[in-house]
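Let's take a walk through this structure together, one piece at a time. Have a look at it first, and then read on.

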Amino acid sequence: MHEISIPINDETIRSLHAGDPVELSGIMMTGRDAVHKWMIETFVKKTREPQGDDLQVYEEIKKYLHQGVLYHCGPVVSGIETQDYKFVAAGPTTSIREEPYQADVMKHFHLKGVIGKGGMGAKTLQGCVDTPAVYFHAVGGAATFLAQTVQKVLGVYKLEEFGVPEAMWVIEVKNFPVVVTMDSHGQSKHALVDESSHQVLDDLLARPY
Amino acid sequence: MPDLTSEILELIRRTSSSLPRDVEDRLRVAIEKEEPGSAARGALETILKNIELSRANSTPICQDTGTPIFYVHYPEGTSTRKLREQIKAALAEATKRSYMRPNAVDAIYDKNTGNNLGGDDFPSIHFEEVDADQPLVIELMLKGGGCENVGAQYSLPDNKLGAGRDLAGVRKVVLDAVQKAQGKGCAPGILGVSIGGDRGSSYIKSKEVLFSKMGTRNEDPKLAALEERLTQEANEMGIGPMGFGGQTTVLDTKITGLHRLPASYFVSVSYMCWAYRRRRMTVRGATVEYD
């Protein structure tokens, strides 16, 4: 078991390999579909003019993301009305939806890792090699369990605009359990399982009914 | 007619936070098949801890509290209009209490309504009338988006898979759907399969079959045999919990048949994640039972 503190340096990232169990501690930020689209359009490809508090939010999130970790998660949060936020349920969401954006987001913000579930594709794997960064897989659906590793909610961005699941929540976690499934050396557990299961499928399709 | 809002709220709390025992039992069998120290076993250990914690704390098993799908079997003479209002009120309250995540997003304007209510179709409520002397039964299923996204519909024949318009063809496309899903639907999953119908009725039916208990087999021996075979063959693919590689990819398969047009032969696969949240309440006079 590797115990890793956020922010993470490149040397630590290079020491990780697909299959390694890791526990993460420190400050991370959540971000999923709306956030990735917003980041790419407004700050990476600049196809959309910054609006409202976009530039101010950008400056603030940069410091969390630099050598940091982005968590694909749309949490259940209590205390919305009183702003006394507490993470009630916070498992990972399916990451593959961010495949068109992830590698560019990693490079732009100097991310060292993303956490999600289900794995990602070839473009993100190349992003892991180039940045360097890794993909951490958390256990999908284990939302109450994972929420208990969240010690504190430090803040939230774009809550009104994106809604609770899609907002950027800044959280402090302790011993957040994950498995590295895509590493900075170009290895992906997901690609291996996809390939081996496809071979079995071909055999099964050839079997008589 | 009594106001059942608080009883329906309790149904939602139980469904979101307490996994049915028959599902949990299957997961406890599955963990014994995985190698000690493997990522697959680690995932199942975390899943089992999470099931206990969420039940004890009345917190959601999964943060994606899903599409709320209600099936209401109401005795003749009951007001479905009032029941609909009570279900909506209970859902808004459940969201306030964090049993549910605000999950209804306007698809055109990208705005989350904040209370799980949106238009006429969110939540999804199906009404079915029963005789006046029967109890009122409300079933609830919460189906998350991750597993919903890996559902698939095939129009047979499918040349690429060599799947014709018969059960042999059905077997092929279901196995293909499992391989494509990998771990993205939060494996180990449960398959709801519907054969026939039109595109709409076929998908609806593939979810309806998921209301039955684990291990419930179709009465038709041919379909029962295919259910067993598909579960076993899906597991041969070795995708495993979370797609980490392992012995258990599918916990159970449920198949049903519909009538179809001569021109159409649809096979719909609804993939249910391991967080297979379904509960039922039965109202007889002043007594409410939950299971």
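This is a predicted model: local features need pLDDT of at least 70, side-chain atom pairs count only at pLDDT 80 or more; totals for chains, interfaces and linings use all residues.

A compact globule of 209 residues would come out near 17 Å, and chain A has a radius of gyration of 18 Å, so the two agree. If you draw a box around the C-alpha atoms of chain A along the principal axes, you get roughly 60 × 40 × 40 Å.

Start with helix 2 (residues 33-44) of chain A, which packs against helix 4 (residues 102-109) of chain A at an angle of about 60°, their axes 10 Å apart. On the helix 2 side of chain A, the contact is made by A:His36, A:Met39, A:Ile40, A:Phe43 and A:Val44, while helix 4 of chain A brings A:Asp104, A:Val105 and A:His108. Sort the residues of this contact by class and you find five nonpolar, two polar and one charged.

Helix 4 of chain A has another neighbour to show you: it packs with helix 5 (residues 122-130) of chain A at about 20°, with the axes 8 Å apart. Helix 4 and helix 5 of chain A are therefore roughly parallel to each other. This time the crossing is right-handed. Here A:Gln102, A:Ala103, A:Met106 and A:Lys107 of helix 4 of chain A meet A:Lys123, A:Thr124, A:Gln126, A:Gly127 and A:Asp130 of helix 5 of chain A. By class, that contact holds two nonpolar, four polar and three charged residues.

How does chain A meet chain B? The contact involves 41 residues of chain A and 48 residues of chain B. On the chain A side, the elements giving two or more residues are strand 4 (76-78), strand 5 (86-89), helix 6 (143-147), strand 9 (168-182) and helix 8 (189-206) of chain A. Helix 8 of chain A gives the most, with 11 residues. The residues on this side of chain A split into 21 nonpolar, 17 polar and three charged.

Cross over to chain B and you can find a helix pair there as well. Helix 2 (residues 21-31) and helix 3 (residues 39-57) of chain B pack at about 150°, with their axes 10 Å apart. They are therefore roughly antiparallel to each other, and helix 2 of chain B passes helix 3 of chain B in a left-handed crossing. Among the residues that meet here are B:Leu27 and B:Ile31 from helix 2 of chain B, and B:Leu44 and B:Leu48 from helix 3 of chain B. The contact has seven nonpolar, no polar and four charged residues.

Next come the sheets of chain B. One is an open sheet of five strands in the order 2-1-3-8-9, with mixed pairing. Strand 2 (124-130) and strand 9 (287-290) of chain B are the edge strands, each pairing on one side only. Further in, strand 3 (residues 136-143) and strand 8 (residues 277-284) of chain B run antiparallel and are joined by seven bridges. If you look along strand 8 of chain B, you'll see B:Met281 opposite B:Ile138. Helix 4 (residues 80-96) of chain B packs on this sheet, touching strand 1 (67-75) and strand 2 of chain B, and its direction makes about 145° with that of strand 1 of chain B.

Another open sheet of chain B has four strands in the order 4-7-5-6, again with mixed pairing. Strand 4 (152-155) and strand 6 (250-257) of chain B each have a single partner strand, so one side of each is left without a neighbour in the sheet. From one strand to the next, the twist averages 15°. Strand 4 of chain B runs antiparallel to strand 7 (residues 266-272) of chain B, with four bridges between them, and B:Tyr154 stands opposite B:Val267. Helix 6 (residues 167-181) of chain B packs on the sheet, touching strand 4, strand 5 (189-195), strand 6 and strand 7 of chain B. Finally, helix 8 (residues 221-236) of chain B lies across strand 5 and strand 6 of chain B, at about 145° to strand 6 of chain B.

Technical notes. Residues are numbered from 1 along each chain as its sequence is written. Chains are lettered from A and ligands numbered from 1 in the order in which they are written. Two strands pair if DSSP finds at least two bridges between them. Axes are lines fitted to C-alpha atoms, for helices over the stretch in contact, and angles run from 0 to 180 degrees between N-to-C directions. Two residues are in contact if their C-beta atoms, placed from the backbone, lie within 7 Å. Ala, Val, Leu, Ile, Met, Phe, Trp, Tyr, Cys and Pro count as nonpolar, Asp, Glu, Lys and Arg as charged, and the others, Gly among them, as polar. Angles under 35 degrees count as roughly parallel, over 145 as roughly antiparallel, 65 to 115 as roughly perpendicular and the rest as oblique. A crossing is left-handed if the near helix is turned anticlockwise from the far one by less than a right angle, and right-handed if clockwise. The radius of gyration is taken over C-alpha atoms; the globule rule is 2.2 Å times the number of residues to the power 0.38.
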